[in-house]
Amino acid sequence: MIRSAAYRFIQHSTGSRRGFFVTPFLRLSTDASTIPPSPQNPFSHQQQPNQENTTSKGGEDDEATHKERSYRTKVGSSYEDEQARVLRAALSHVPRLGWSDSALISGARDIGVSPSIVGSFPRKEAALVEFFMDDCLQKLIDRIDSGEVLNELILSDRLVKLIRIRLEMQVPYISKWPQALSIQAQPMNLPTSLKQRTALVDEIWHAAGDKGSDIDWYVKRTVLGGIYSTSEVYMITDDSPEYQSTWNFLEHRIKDAFELQKSVQEVAYLAEAIGTSMGSSIQGFMKRVFQG
């Protein structure tokens, strides 16, 4: 079950490992600012009542406003749950109808809701793709929290396994996934898409055992994000049994990344050693000059 459509992601700037984000289409504002003002008193032009009556009337107005706000909150929560039910039901129609209004309408009919609810989604196709992304992230988190065996694997194998688990969730929708990528790449959808992928990559790195907070934190997530995306695209055209070519491709990219990291570290150590050696030689040379 989705945890109120909220998911954990890194709050690196505050030093906290996890935070929450909510996909925009599941947010319904219910604060007081969205509640329209009460109708004006039709007798407001007449003489004001005495202070005692005003106080009594004010108390009644406050109570009425409170009840109205409570009702709106309850209705908003119920409507939000109904939207989520429609989105979940619509996923079963995506392999046939794609990420489309038609899938949403079919999902609404499946749960006995009027298809007119589809008009309440501000970005219909994007809402469906974003719901799927969030749902997959939650499933991955649940598998990690359930004690998925990773401790016996080295870091690179952990990353491969976690990325494979996530990509396998897209198998039922693989024929329609190019459409999903196109929807995610649209300018109005790109911010949410990037946020969701950032949350995914961070969850994978943390589950694999990385808790670093240095400059490598950004590099690691950028590299892994690139590996995930290229493997995702490779999978679309993979016709090998059980997508074995995709998993081989993924393993090789992870291996290459670790070898590159090792090479970069070796170059850094070499440069440091050369710098130290040159520094010592220059110091010795200057010392001899001044002694001479």
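Here are a few questions and answers about this predicted model.

Q: Is Thr 246 buried or exposed?
A: Start with where Thr 246 sits: it's part of helix 9, which covers residues 244-291. Its relative accessibility comes out at 0%. Buried means under 20%, so Thr 246 counts as buried.

Q: Which residues does Thr 246 touch, leaving out those up to four places away in sequence?
A: Thr 246 belongs to helix 9. With residues up to four places away in sequence set aside, its contacts are Ser 231, Tyr 234, Met 235 and Asp 238.

Q: How much space lies in the largest cavity?
A: Searching the whole structure for cavities of 30 Å³ or more turns up one. The space in the largest cavity is about 30 Å³.

Q: Which helix gives the most to the lining of the largest cavity?
A: The lining is made up of Met 133, Asp 134, Leu 137, Arg 166, Gln 196 and Leu 200. By type, that's three nonpolar, one polar and two charged residues. Two helices, helix 4 (124-145) and helix 7 (190-208), each supply at least two of the lining residues. The top contributor, with three residues, is helix 4.

Note on methods:
Residues numbered from 1 in each chain as written. Predicted model: local features only at pLDDT ≥ 70, side-chain atom pairs only at ≥ 80, totals over all residues. Heavy atoms only, no water. Helix = DSSP H or I, 4+ residues; strand = E, 2+ residues; numbered from the N terminus. Buried < 20%, exposed > 50% of the residue type's maximum accessible area, 1.4 Å probe, protein only. Contact = heavy atoms within 4.5 Å. 1 Å grid on protein atoms, 1.4 Å probe; cavity = no way out; pocket = protein on both sides within 12 Å on 5 of 7 lines; lining within 4 Å. Points joined across faces, edges and corners; volume = space filled by probe spheres on them. Nonpolar A, V, L, I, M, F, W, Y, C, P; charged D, E, K, R; others polar.
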